[in-house]
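Below are some notes for a colleague who is meeting this structure for the first time. Please read them with the model open.

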Amino acid sequence: AHAVKLEGGLEIIDSIKKIVGAGIPVMGHLGLTPQSIYQFGSYQVRAKEQKEADKLKSDVLLLQEAGCFSLVVEKIPAELAKEITATSAIPVIGIGAGAACDGQVLVVHDMLGLTNDFHPKFVRKYLNLKELMGNAVKRYLDDVKSSQFPNEMEGY
């Protein structure tokens, strides 16, 4: 790995400072933080209320000052992400945070359609890999059961 990504702001700022101080690049992550989902209790959009939005903006400044080289903002209102991106001294990468961020990220499993039961509004599927993989596995099983695999050319 070339860096670590840590979720949270004020509550982990001392850890970030120590890690950055040790020469390890840190990317911050605010908004919906999936590794902390049990604290939130749901996958709802974060920072819709002013109090949480203000904390998020404050945390952005803390992460910058602590030495984070960039920041992920996840599942926050697009207008808030736009404001953070415009005022941030570090690149802001969005996931479900609108188009105004400096960059975008999607989980590759979601983008490639590896699952069909997970449909966040912000995910655009570019492939139905679950269907393609399912078809390939079925063909493999059929070939094994009918003794068509392996054939003479596929053995030693």
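1. From the N terminus on, the order of elements is β-α-β-α-α-β-α-β-β-α-α. That gives the protein 6 helices and 5 strands. Helices (H or I, at least four residues) and strands (E, at least two) are DSSP runs, numbered from the N terminus.

2. On the basis of these notes: the model is predicted, local features need pLDDT of at least 70, side-chain atom pairs count only at pLDDT 80 or more, and totals for chains, interfaces and linings use all residues. Residues are numbered from 1 along each chain as its sequence is written, and side-chain values use heavy atoms, with hydrogens and water left out.

3. The protein has a radius of gyration of 21 Å, whereas a compact globule of 156 residues would have one near 15 Å. The radius is taken over C-alpha atoms, and the globule rule is 2.2 Å times the number of residues to the power 0.38. Along the principal axes, the C-alpha atoms fill a box of roughly 65 × 35 × 30 Å.

4. How much of the protein is buried? Of its 156 residues, 31% count as buried. Buried means under 20% relative accessible area, exposed over 50%, and partly exposed in between (1.4 Å probe, protein chains only).

5. Contact here means heavy atoms within 4.5 Å. Among contacts between residues at least 6 apart in sequence, 40% join residues at least 24 apart.

6. Helix α4 covers residues 78-87, and L80, A81, I84 and T85 are buried in it. Seen down the axis of α4, these buried residues fall within an arc of 135°, so they line one face of the helix. The arc is that of the directions from the helix axis to the C-beta atoms. An α-helix has 3.6 residues a turn, so residues three or four places apart point the same way. E79, A86 and T87 are exposed on the other side of α4.

7. What do the buried residues of α4 pack against? Their partners are α3 (50-66), β3 (70-74) and β4 (92-95). Leaving aside neighbours within four places in sequence, Q64 is in contact with S88, A89 and I90.

8. K75, with phi of about 50°, sits in the loop between β3 and α4. S147, with phi near 60°, is in the segment after α6. The relative accessible area of S147 is 59%, which makes this residue exposed.

9. Which peptide bond is cis? The bond joining F149 and P150 is cis, with omega of about -10°. P150 belongs to the segment after α6 (129-145).

10. D117 lies in the loop between α5 (108-111) and α6. D117 is exposed, with a relative accessible area of 69%. Between the C-alpha atoms of D117 and Q104, 13 residues apart along the chain, the separation is 23 Å.
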